[in-house]
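I set out to record what holds this chain together. The entries below follow the order in which I looked things up.

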Amino acid sequence: RADANRLRTGELNVNDTPTLGFAHFLAQGDIVSKALLVILLGMSVVSWTLILVKGITHFIRSSRAERFLKMFWEAPSMQAVAKDIAAHGVNDPFSRVTANALQAIQHYARTAPSNRMADAGTAADLLTRTIKKVLDEETVRLENGLSVLATVGATAPFFGLFGTVWGVYHALVNIGLSGSGSLDKVAGPVGEALIMTGLGLAVALPAVIGFNWLTRRNRVLTARLDAFAFELFTFLSSGKTLSGHTHVDSSKPQQAA
């Protein structure tokens, strides 16, 4: 009230009144508050970068996968599939599984029988190991970075809460030292301290939403890839290999030509 009277009489200029807000919070914050703010900003940048990069990458790979699957199911033979892979390269999980499976069949036909552990078993065994290895690699590639999003979503609110507790503590200490417990002296600093909680939630929410979105898309893609790998194994193990090649009997090793 005294400041208001001074403001009306002209003794106190408007520019002399303290302006509470985010800028004032930064100016009055100590090294701990600023360090927490830098950490939260870093988390936000990392999470948004991962969401955008993985989202764009997933969209591109899905488009390429749809083109390959359409070509695969419309191809007259595995020879045509192999030619398409040689022409367009391996740009998606489905073409990678197919290319590695075809290479495994060709490798077994050239080297069987072999004493190498990598070539042990029948052609079907080698084909199974090859497909499973590629599926595992694709799963790891799809899940890469998701643990970072999960960590940001789980820890960012606690960083914000710690910043709020730290700010409230210093605000109350300063109020106690000043000897004034009026509402304007308490509400302003405490309200500023709550900014850190809001920042923590603002960082965590996109990370959690992005994690759930990417996890669901990866789960759908993995299920489709597993079904395709089963069909591919059925085609190749039943003798529908490259046209012009003889059927590879999976029950016994083939003699090298």
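I call a residue buried under 20% relative accessible area, exposed over 50%, and partly exposed in between, with a 1.4 Å probe and protein chains only. I am working from a predicted model, in which local features need pLDDT of at least 70 and side-chain atom pairs count only at pLDDT 80 or more, while totals for chains, interfaces and linings use all residues. Residues are numbered from 1 along each chain as its sequence is written, and side-chain values use heavy atoms, with hydrogens and water left out.

**Entry 1: salt bridges.** I took a salt bridge to be a side-chain nitrogen of Lys or Arg within 4 Å of a carboxyl oxygen of Asp or Glu. My search of the whole structure returned seven. Asp 84 counts as buried at 12% relative accessibility. Its side chain meets that of Arg 67 in a salt bridge, 3.2 Å from N to O. Arg 67 lies in helix 3 and Asp 84 in helix 4, so this pair ties together parts 17 residues apart in sequence. I read helices as DSSP runs (H or I, at least four residues), numbered from the N terminus. Arg 67, at 36% relative accessibility, counts as partly exposed.

I then turned to Glu 138, which is buried at 1% relative accessibility. Which residues does Glu 138 join in a network through salt bridges that share partners? The network consists of Arg 61, Arg 96, Glu 138 and Arg 141. Between Glu 138 and Arg 61 the closest N and O atoms are 2.7 Å apart; Glu 138 is in helix 6 and Arg 61 in helix 3, 77 residues apart. Arg 61 is buried too, with a relative accessible area of 15%. For Arg 96 and Glu 138 the closest N and O atoms are 2.5 Å apart. Arg 96 lies in helix 5, so its bridge to Glu 138 in helix 6 ties together parts 42 residues apart in sequence.

**Entry 2: helix 4.** I found Met 78, Val 81, Asp 84 and Ile 85 buried in helix 4. Seen down the helix axis, the buried residues fall within an arc of 115° (taken over the directions from the axis to the C-beta atoms), so they line one face of helix 4. Lys 83, Ala 86 and Ala 87 are exposed on the other side of helix 4. Just after helix 4, Gly 89 takes a positive phi of about 80°.

**Entry 3: aromatic pairs.** I counted rings of Phe, Tyr and Trp (its six-membered ring) as paired if their centres lie within 6.5 Å, with planes under 30 degrees apart stacked, over 60 edge-to-face and the rest tilted. The structure holds nine such pairs. Phe 72 and Phe 235 are tilted, at 6.3 Å centre to centre and 35° between the planes. This pair links helix 3 (residues 31-74) with helix 8 (residues 183-237) across 163 residues. Phe 94 and Phe 228 are edge-to-face, at 5.4 Å and 80°. Here Phe 94 is in helix 5 and Phe 228 in helix 8, 134 residues apart. Ring pairs link Phe 68, Phe 72, Trp 73, Phe 94, Phe 228 and Phe 235 into a cluster.

**Entry 4: nonpolar core.** I defined a core as buried Ala, Val, Leu, Ile, Met, Phe, Trp, Tyr and Cys residues joined through side-chain atoms within 4.5 Å. The largest has 25 residues, of which Phe 68, Phe 94, Val 97, Leu 232 and Leu 236 touch the most other members. Helices 3, 4, 5, 6 and 8 each supply at least two residues of this core.
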